[in-house]
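Trainee: I am new to this structure and would like to go through it in short questions. Please show it first.

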Amino acid sequence: MGSNGRAATGSAATARPSLWLVAALLVAQQVVLTLVHYAAAPALGLVPGSAPAISLTIIGGAIVIGLAVAADLRRPGRGPAVLLRWPRRGRVTVVVIVLAMVIAQLPLLYLAATGRTVWQSGGDADVMVGEALRGPSGALWLVIATVFIAPVIEEVLYRGYLVGSLIDRLPAVVTVLVSAVLFVTLHAEASNLVAAFCLGIATAICAVLTRSIVPGLIVHVADNAFGMWYASLV
């Protein structure tokens with residue numbers, strides 16, 4: 001029994017990604033998103049900050065980083081080590097998801113309570129996106145990219161790889177804070193800082209308590225969906 005336990009622990013430690021790999025993936029994502037948004041998008045005639053440019057950035061970045069992640073996930077045991085597994089069914093998981101949704105929605109609840117819209121706290125790019133959402137096409141690709149594609153790749157990186165690599169190395173509170181702070185760097189717009197931090201805290205709590213990215217992904221998708229709807233109320 002003891003030798004089997006040590007073997008399982010050793011196997012999990014071997015499958016766990018190194019901090020260097022995690023750092024490389026996070027930096028690579030930032031670089032790819034910057035290049036797509038400020039180089040590739042203008043080359044295609046798209047204005048940075050516009051709905052089409054944002055959609056291209058999210059989708060293009062997800063494809064590039066997704067290929068790198070897919071290659072890494074071929075390592076034995078890597079999937080479970082980066083929390084790519086189903087959480088246990090039960091009341092605790094449901095409670096964690098509900099609590100996380102409340103935490104993630106705090107900024108929007110504050111704006112709603114004060115009668116302000118999301119874009120009144122932002123700049124010209126925020127207004128452009130808000131107006132695009134109210135257009136006849138409803139900015140379909142922007143919705144798909146923001147509500148579905150972005151949450152998947154961000155949860156895999158920041159809650160899967162990052163939390164998965166820290167969860168047995170650091171105290172839970174420190175792991176949650178590190179994940180949330182680094183997640184904010186991905187959303188550096190002034191109007192999104194508080195919202196990104198709250199969402200980062202909420203989804204990291206989900207990952208730490210359930211050892212799965214699925215609950216956090218549910219919260220992330222719901223948060224982005226509600227945020228996009230509220231953003232249309234320019």
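Mentor: Contact here means heavy atoms within 4.5 Å. Keep in mind that the model is predicted.

Trainee: Which residues of α5 meet residues of α9?
Mentor: On the α9 side the contact takes in V194, A195, C198, L199, I201, A202, I205, C206, L209 and T210. Helix α9 spans residues 193-210, and helix α5 spans residues 91-113. The α5 residues that meet this set are T93, V96, A100, I103, A104 and P107.

Trainee: How many residues of the contact of α5 with α9 are nonpolar, polar and charged?
Mentor: Ala, Val, Leu, Ile, Cys and Pro are among the residues that count as nonpolar. By that scheme the contact of α5 with α9 divides into 14 nonpolar, two polar and no charged residues.

Trainee: Are α5 and α9 roughly parallel or roughly antiparallel to each other?
Mentor: Two packed helices are described by the angle between their axes and the distance between the axes. The axes of α5 and α9 come within 7 Å and cross at roughly 170°. Angles over 145 degrees count as roughly antiparallel. The two helices, α5 and α9, are therefore roughly antiparallel.

Trainee: What kind of aromatic pair do Y158 and F183 form?
Mentor: The structure holds one aromatic pair. The ring centres of Y158 and F183 are 5.5 Å apart and the planes stand at 75°. Planes over 60 degrees apart count as edge-to-face, so the pair of Y158 and F183 is edge-to-face.

Trainee: Which residue lies over the face of F183?
Mentor: An Arg counts as sitting over a ring if its CZ is within 6 Å of the ring centre and within 35 degrees of the ring normal. For F183 the distance from the ring centre is 4.4 Å, and the residue is R159.

Trainee: Which residues does L166 touch, not counting residues up to four places away in sequence?
Mentor: L166 is found in helix α7, which covers residues 140-166. With a relative accessible area of 7%, L166 is buried. Outside its sequence neighbours up to four places away, L166 touches L19, T175 and V178.

Trainee: Is L83 buried or exposed?
Mentor: L83 lies in the loop between α4 (78-81) and α5. L83 is not a glycine, but has a positive phi of about 65°. Most residues other than glycine have a negative phi. At 2% relative accessibility, L83 is buried.

Trainee: What is the phi of R211?
Mentor: R211 is in the loop between α9 and α10 (214-231). At 33% relative accessibility R211 counts as partly exposed. R211 is not a glycine, yet its phi is positive, at about 55°.

Trainee: Which residues does N224 touch, not counting residues up to four places away in sequence?
Mentor: N224 lies in helix α10. Its relative accessible area is 13%, so N224 is buried. Leaving out residues up to four places away in sequence, N224 touches T146, V147, P151 and L199.

Definitions and conventions
Residues are numbered from 1 along each chain as its sequence is written. This is a predicted model: local features need pLDDT of at least 70, side-chain atom pairs count only at pLDDT 80 or more; totals for chains, interfaces and linings use all residues. Side-chain values use heavy atoms; hydrogens and water are left out. Axes are lines fitted to C-alpha atoms, for helices over the stretch in contact, and angles run from 0 to 180 degrees between N-to-C directions. Helices (H or I, at least four residues) and strands (E, at least two) are DSSP runs, numbered from the N terminus. Angles under 35 degrees count as roughly parallel, over 145 as roughly antiparallel, 65 to 115 as roughly perpendicular and the rest as oblique. Buried means under 20% relative accessible area, exposed over 50%, partly exposed in between (1.4 Å probe, protein chains only). Rings of Phe, Tyr and Trp (its six-membered ring) pair if their centres lie within 6.5 Å; planes under 30 degrees apart count as stacked, over 60 as edge-to-face and the rest as tilted.
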